[in-house]
Structures are given as C-alpha cells and as structure tokens.
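Subject: A structure to look through

Dear colleague,

I am passing on a structure for you to look through, and below it you will find some notes on what turned up. Please keep it open beside the text as you read.

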Amino acid sequence: LFDGVYPFYPQQRKAAVFDISTIIVIVVFLTLACSFLLIIPGIRGRARLFWTLRVFLSLFVGVVIVVVQFTGDWETGWVQANTSYKSFSHVQVNADIGLHIGLAGVNVTLRGNPVNQINETINYNEHFPWNFGADYDHSYSQGLQKGLPSPILYVAEKFSRQSPCAVHRQYRIAGHYASAMLWVAFCTWIISNILFSMPVLVYGGYMLLVTGAFMIFSLLSFSTVRSSPMCLIQIGTRALHVAYGGSFWLMLAIGLLCFVVGITVVAMHHLNLDLLKTFFDLREDKAEEYQEMPEVFINPHFGNKGL
C-alpha cells in the first residue's frame, strides 16, 4: 500500500531544502522591490538610475541583516566517512556528515553516498535549537526516542549541556548577543533610510556607519566561541572540522559595505555637497528654494515719479 509504505505510521524525515522564515523574509523584501519597479517609469532622467541604485542597495542590506538571523551556516563543516548507521549494529554506510551552526541552533546533515543504501534512503537534516526559550536537551532526547541515525546523535551530543565539550553555553550566549546586535543594526538601517528621505544626508551617513558598526559587533560576539577549544568530532577514521560559513562572510562584506557608503556620504557632504545632492535628486529642490531673479526691469515712467 502506497508504494510499500504503511500510511498510518510516521514517515522517514527528509532533508530540509529551505527555511520557512528565510522564505518569508525574502518574499517581503521582493514585494517591496517589485513595488518600486512599478513606480520607476514615473522618475525622469538620470534620477531614475540613482533611485534604482539607492533603493536596491538599501533593500539588499536590509534583507541580509534579517535573513542571517535564520540561516544555519555561520559555521559549517563536512566530512565523508564510513560509519555505523544505527546503534548496536555493525552495518557500515558511506555518508557525508555535515555540521551547520547558526545563531539559534545547530543542524546536522547525514546524506548517504549513494543516498540509497541498506534498503533505506539516507538523507537527514535535523535541527537542534539552543536559542532562549528552546530546550536543546529536550530536542536531543526526542532524537533518541525517534531513533535517529548514530552519526547525527553523536554530533548533536557534542553540543548538549551534559557534554564534556562544554560549548553549549558559549554558542548559546554568543548567538543570542549576535542576534541582538543584528536587530539593532536593522533598526539603525531603518533610521538611516528615514534620514536619507527627509532629507538629512549627513546624518543618514552617520546612521549607516552605526549600522555597519553593529554588524561588526555581531561578528565579534559570535567569534568569541573560538576562545574555547572545540572538541574533536571523530566520525569513523575522519575528523569533522568547522570553519566560518557563508552567513559570517556575507555579514562581514555587508558591514564593510555600510562603512564604505557611510564614509562616502559624510565625505561628500563636506567636500562636494552639490554632487551628493545630485545623486539623491535634490538639486531641483535647492534651485527652486534659492532661485533668484537674474534681471529686473523697471518702468521709467514709475521711476520718474518716485514710485
């Protein structure tokens, strides 16, 4: 029945492809980007290019700040090894074991090489949260009750509270403060956009510098976990090592980008304000505000009468 699968029993967990929170955030920012595309035809001249560059660059910074809160690749590591698949069994499988550490927890991936071995589909991705309000040990106990494969339980046990590695508290606190710094950076990013639209350009540049500073602070907070040595994760005859992942380097790049843009805005405010106002499409407003009559004609008839 149903291709050899009993319909009333829990099915085998499949590896997750996308995180739902990440998809929601991306959809929201894509909606904002598409809304701006609808008003682009109403912008005339070179201002259209400047507006497009500013809006999409700002949206890209905002979506990165929020998305990395939910990603699981701040630290990653992969190893391919022959290992036991189940407890109390001598059956060996060849698999790729992946460790993905995020701000809110750890993901352990087990993918067979090939996927179908010993009459089973070996393709797992299990999440064990450690953010405040979540119980990591409870999630680990649930994994034991479900009978997850031995490599997943072995790697997950290294981050539990009872583990001799003692890295659970460091990762939990570092991830919490890094996440708090990123939310502050998101708030300062919103303030910088408000200041740019008021327009108070130099203060918008200052707030962009503050945004970049809080991004760097979040990276420094997360990197404090390296102060304590990481336990050796031995899978068969191979060792699993972790290194900074894509989210960490992406956040570093965006933080440096905010610094560069903020310094450029502040420098242009003091060195070439007209060029800065041209980029922000403010030259016309200034011309209208300070417009002077180039020549005045006086009727000599009224001038002779002293009027």
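A residue counts as buried when its relative accessible area is under 20%, as exposed when that area is over 50%, and as partly exposed in between. Please bear in mind that this is a predicted model.

With those cut-offs, Ile118 counts as partly exposed because its relative accessibility is 41%, and Ile118 lies in the loop between S3 and strand S4 (120–129). Asn119 is also found in the loop between S3 and S4, but Asn119 counts as exposed, since its relative accessibility is 84%. Most residues other than glycine have a negative phi, and most peptide bonds are trans. Ile118, however, has a positive phi near 45°, and Asn119, which is not a glycine either, has a positive phi of about 60°.

In strand S3 (residues 105–117), where Pro114 has its place, a cis peptide bond joins Asn113 and Pro114, with omega about 10°.

Turning to the helices, Leu32 is found in helix H1 (residues 20–39) and, at 45% relative accessibility, counts as partly exposed. Together with Ile20, Ile23, Ile24, Val27 and Val28, Leu32 makes a nonpolar surface patch of about 530 Å².

How do H5 and H6 run relative to each other? The axes of helix H5 (residues 168–197) and helix H6 (residues 201–223) come within 8 Å and cross at roughly 170°, and H5 and H6 are therefore roughly antiparallel to each other. The contact of H5 with H6 has 21 nonpolar and 7 polar residues, but no charged residues.

Notes. Residues are numbered from 1 along each chain as its sequence is written. This is a predicted model: local features need pLDDT of at least 70, side-chain atom pairs count only at pLDDT 80 or more; totals for chains, interfaces and linings use all residues. Side-chain values use heavy atoms; hydrogens and water are left out. Axes are lines fitted to C-alpha atoms, for helices over the stretch in contact, and angles run from 0 to 180 degrees between N-to-C directions. Helices (H or I, at least four residues) and strands (E, at least two) are DSSP runs, numbered from the N terminus. Angles under 35 degrees count as roughly parallel, over 145 as roughly antiparallel, 65 to 115 as roughly perpendicular and the rest as oblique. Ala, Val, Leu, Ile, Met, Phe, Trp, Tyr, Cys and Pro count as nonpolar, Asp, Glu, Lys and Arg as charged, and the others, Gly among them, as polar. Patches are made of residues with over 30% relative accessible area and no salt bridge: like charges are joined within 9 Å, nonpolar side chains (Val, Leu, Ile, Met, Phe, Trp, Tyr) within 5 Å. Accessible areas come from the Shrake-Rupley method with a 1.4 Å probe; for residues, only the protein chains shown count as cover. A salt bridge is a side-chain nitrogen of Lys or Arg within 4 Å of a carboxyl oxygen of Asp or Glu. Buried means under 20% relative accessible area, exposed over 50%, partly exposed in between (1.4 Å probe, protein chains only).
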